[in-house]
Every structure is written in structure tokens, then in C-alpha cells.
Amino acid sequence: MISANLSAVFYLISGVLFILALRGLSSPETSRQGNFFGILGMVIAITVTFLTIGNFSSGFLYVIVFLLIGGLLGAFIAYKIPMTAMPELVAGFHSLVGLAAVFVAISAYLNPEAFNLGSPGNIKLLSLIEMSIGAAIGAITFSGSIIAFLKLQGIMSGSPITFKGQHPLNALILISIIVLIYLLCSTQSSNLFWILLAVSFLIGFLLIIPIGGADMPVVISMLNSYSGWAAAGIGFTLENTALIITGALVGSSGAILSYIMCKGMNRSFFNVILGGFGATDQSTVSQNKEQKPVKSGNAEDAAFLMKNASSVIIVPGYGMAVAQAQHALREMVDTLKKNDIKVSYAIHPVAGRMPGHMNVLLAEANVPYDEVFELEEINNDFANADVAFVIGANDVTNPVAKTDPQSPIYGMPVLDVEKCKSVLFVKRSLSPGYAGIDNDLFYKENTLMLFADAKKMTEDITKNL
Amino acid sequence: MEIDPFIFRLSIFILSIFIGYYVVWSVTPSLHTPLMSVTNAISSVIIVGAIIAGLAGSSDSVFNVSSIFGFLAISLAAINIFGGFLVTQRMLAMYKKKKKDKK
């Protein structure tokens, strides 16, 4: 058994290692080392906990058993999961953090002596406040993440579920949570603790159902943030520095990612949270544009255009991931490069279903990361490029965001694809994208539509090069 | 007068939010997905509380309600720890630089 002071120092060390783990992600070269720091921090935290308790009785054996069950399951999932399913995986993991926080809070509430928090029915006031806040946020994270998971997985429809009086109801429940925490702390009644948990589960569910599929990047980031605050709340209860530091890091990380995602869509955070986007706009759009002429071509035309180009910019979107076309795309690019054509990739902040999703998919297809550029880095290059190859993206290239103040996506930063000499647009049909808006790009002089499955079209073009 | 230890914890918390703010802004956007999976893994350091809860039972009754919740939380957090770090590792291994000589 080691002293409380010594263990506090070790928890501090593991907190610092977690900071370094995130710091490592500032560039791909240092990122692997960062991940190692993270693992080291976790090993230190767990080891120190065992040593501090110093109780290696029969309970210890069970701890190891449960640890291994979870660990094996986690490792199995990590190796099996396809990269296209990362958003679902992350949402699922958030729900587990939330539920773990709830469980720890429950056991601390039932057995406060083990945590030095007082006795049942007479828990220290401050600890009870911290504990109930941690448990409430944990419960919201859990049920919210479950809904996000179901929506991403397609088990639940991605369209927003709204009903009358939704916002007043949510506001009422949120107020009741605060009242419940107050009553719980003044009466110490265990009934109130269970009601608090039940109501928190309910609000997590209600908060996420009105949010549409296209807004999932914001939702995942937001739940990431919640899971951090829940951990921090429990960290205060346990008086554990590592947990407090980590909770604060994760909380601010998720908040920043939500902000970046909102900015990428030019929407305020509240606008996203209040939901309903995607379903409401459909009635007002696609009225008079049906009859416009569209130039469509085949793989040979596309191959011809690209062969005569000196620079090509690829604009991938979620459709590419759905069609599993990333490997075929890489092969096409390899062929282009053999012909001395300069190729780069342009990625919009909200391409894909979570922050950075497209980058991971391209990396999986062995695309070197120094050929992949963010919107601000590459947007000026479109004017000098010969061909833009849009594959599976739509709304993020729509020039209407710059020209039409009436459009629901007006003001959203978009890739200036239309400035290219010619645009190749791989798409199944002329149907509008997630935002439900017609894309002016389809009808431009210099646009050639390639109506086909993204993977098949890419392979055909490669054959014709 | 003595300062309540809570204030020290609060100081750590507030300062860590600021550290988090600056560190996360410096994360390159192409690594935002690994950032989410690694934050997932590290927030599961909550396992520390779960272990305390799991070991709280006396030697003759390992399973009381409180420690059962502890054991369950250990498994949940362990899924995240192993899953989170390994999947991050898997993703990061894919980020390679352009090979100058080959192809």
C-alpha cells in the first residue's frame, strides 16, 4: 500500500501523459508516440489504484476477470471495425463512458464509505452535488449516444423526429433535473437519486431525436464533450486529479470540435441542437430547376479530360465511403500520377459523418496525408486546376451558398469547385443532397455529370486512362 | 484560515480546460477522428473509480450491490480503454508520408 500523497503524484503524472497524448496529435509524425503516452498514463493510473487500495483479496481476482472481459471485447471490436463505421463506433464508445460514469456514481452513492465520502444517507454535501451532476451528465451522454448510434447505424431513421411542445418539454425536464439535484442534496433521499437518473436518461433521448442525420458530426462532438464533463464530475467526487484533468481535456476537446463542425455548416450551435433541419426545407426547394439542361458523359469522356489535364483536384464526400470507392479512387490517382498529372485532395470540414472521417478513409486507402488538404489550404487552387473530380460530395460544393441569401445553406463555406476549367461530378442521379437543395453546379457549362455508382465509374475511368 | 481542498481541485479543473483548449486547437484537422477515439479512451480513466467500488466489498461478501455496479463499470470502461487505444493505433498506422522513390 502506498500513501495517499504518493498516489496523488502518480495520478498527476498520468494526467500530464494524457495531455501529451493529445499534444501528439498535432502532426501525424508525433501522433503514434502520443498514443503511447496515453496508454502509459492509463497503465500508471490503474496500477496506482490497485496499490493504493492494497486489497488483493478475492475481490481483486474478480476485478481482473471483469477487466479482461471488457478488454478482450474492446480489442476484438477495435480490430474488426471497418473504417467507414468509425462514427458509429465512437458514438457507441461515448455511451459506454456515460454508463460507466453512472455506475460509478451509483456505487459511490450506495457505499460512500469505500470512497471516504461519509455514510449512506449522510454523504458530504459537496460530494453529493458533484456525484449527482456527474451521474446526470453521464446518463444524458449514455441515452443520447445510443440514439446517435442507432441513427448512424441506420437502425433508426436519420430524419428528425419532432412533435408539438418538444422544446417546452425539454426545458421543463432540464429545470426539473436542477430542482431534483437541489432536493436530493437537501434531503439525501435515495428515491430522488433514482428519479434523477431516470429523468436524465429521458432527456438524453429527447435531446437527440429531433436532430437530423446530416448534423451527426455536431452531435458526436457534443456527446464527446458531455462524456468529458461527466468524467470530471466523478473525478471531483473521487478527488482524483487524473480524472479531473482528463475530464476537462475531453470536455473542451468535444466543445471545440462541435464549434468547428457548426462553423463548417455555418449554423449556430443552438440551431443544431433545436433540430429539425433537413426535413423542413424540402418543400421550398427544387421547384423550377427541373428542366435545365445537363451535360452527362461516360467513363471515356472523363478519362479523356483527365488525361489532357496537368492538375486534378479530387473532392471526396460521404458518398465515396458508402460506395467503398476509396481504393478504386487511389488506383485511378496512381494511374494519373504515372502520366505526370498533379493530383491533390480537397476535404471539406463536414465531409463524412464525423470530424476528420474522410481523412481516415483516404489514409486507409494508402493516400499519403501530404496530398490531402483542408478547405482553406486548397480553395484558391481550384482556379488554377484543370479538372475537379467530385465523388460522393454534393452540398459542400454548391455555389448557391455564396450567391443566394434565400438558400438554407447560404454562408456555409464551400469548395470553389466551379472555378475549375472543367468539373467531373460522379453521382447516381440529380437528386439533391442531405440539405435537400438543388446544386447549381450540375447545370454549369463546364460540368460533366457521370451518372453511375462511384466505385464502378472510378474503375471504368482507370481502364480508359 | 485553511483553504478547502476542493478549491485546489477546482483550480486544476479550470486550468486543464485551458490546456485542453490550446492543445486541441493545435490538433491537425486530418487527425480529428483519432482525436475523438483517443479522448474516448482516456476518459475511461473513470475505471479508477470503478476499481475502488469493485474492491470495496469485504472478503466474505465480494458481491454486494455497490461492488456489482463497480464490476460492471470496470468492464464497460475496459472495452473503451482497449477499444479506444487500439483503434486509434490502427488509424494512426495508416497515416503515411508520400514515398518519394517508389512508384
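The model is predicted.

**The sheet**

Six strands of chain A form an open sheet with parallel pairing, in the order β5-β4-β3-β6-β7-β8. From one strand to the next, the twist averages 25°. Within the sheet, β3 (residues 311–316) and β6 (residues 387–391) of chain A run parallel and are joined by 5 bridges. I314(A) has F389(A), in β6(A), as its bridge partner.

**Helices on the sheet**

| Helix (chain A) | Strands (chain A) | Angle |
|---|---|---|
| α14 (residues 357–364) | touches β3, β4 (342–347) and β5 | about 145° with β4(A) |
| α17 (residues 454–464) | lies across β6, β7 (422–427) and β8 | about 145° to β6(A) |

**A buried glutamate**

E374(A) sits in strand β5 (residues 372–374) of chain A. Which side chain of opposite charge is nearest to E374(A)? It is K263(A), 11 Å away. E374(A) is buried yet has no salt bridge. Leaving aside residues up to four places away in sequence, E374(A) touches I347(A) and N359(A) in chain A, and P29(B) and S30(B) in chain B.

Helix α8 (residues 216–238) of chain A has 23 residues. At 1.5 Å a residue it should span 33 Å, and its end C-alpha atoms are 33 Å apart, which agrees. Of the 23 residues of α8(A), 21 are buried, so the helix is largely enclosed by the rest of the structure. Just after α8(A), E239(A) takes a positive phi of about 55°.

Definitions and conventions. Residues numbered from 1 in each chain as written. Chains lettered and ligands numbered in written order. Predicted model: local features only at pLDDT ≥ 70, side-chain atom pairs only at ≥ 80, totals over all residues. Heavy atoms only, no water. Helix = DSSP H or I, 4+ residues; strand = E, 2+ residues; numbered from the N terminus. Buried < 20%, exposed > 50% of the residue type's maximum accessible area, 1.4 Å probe, protein only. Lys, Arg positive; Asp, Glu negative; His and termini not counted. Salt bridge = Lys/Arg side-chain N within 4 Å of Asp/Glu carboxyl O. Contact = heavy atoms within 4.5 Å. Expected span 1.5 Å × (residues − 1). Pairing = 2+ DSSP bridges. Axes fitted to C-alpha atoms, helices over the stretch in contact; angles between N-to-C directions.
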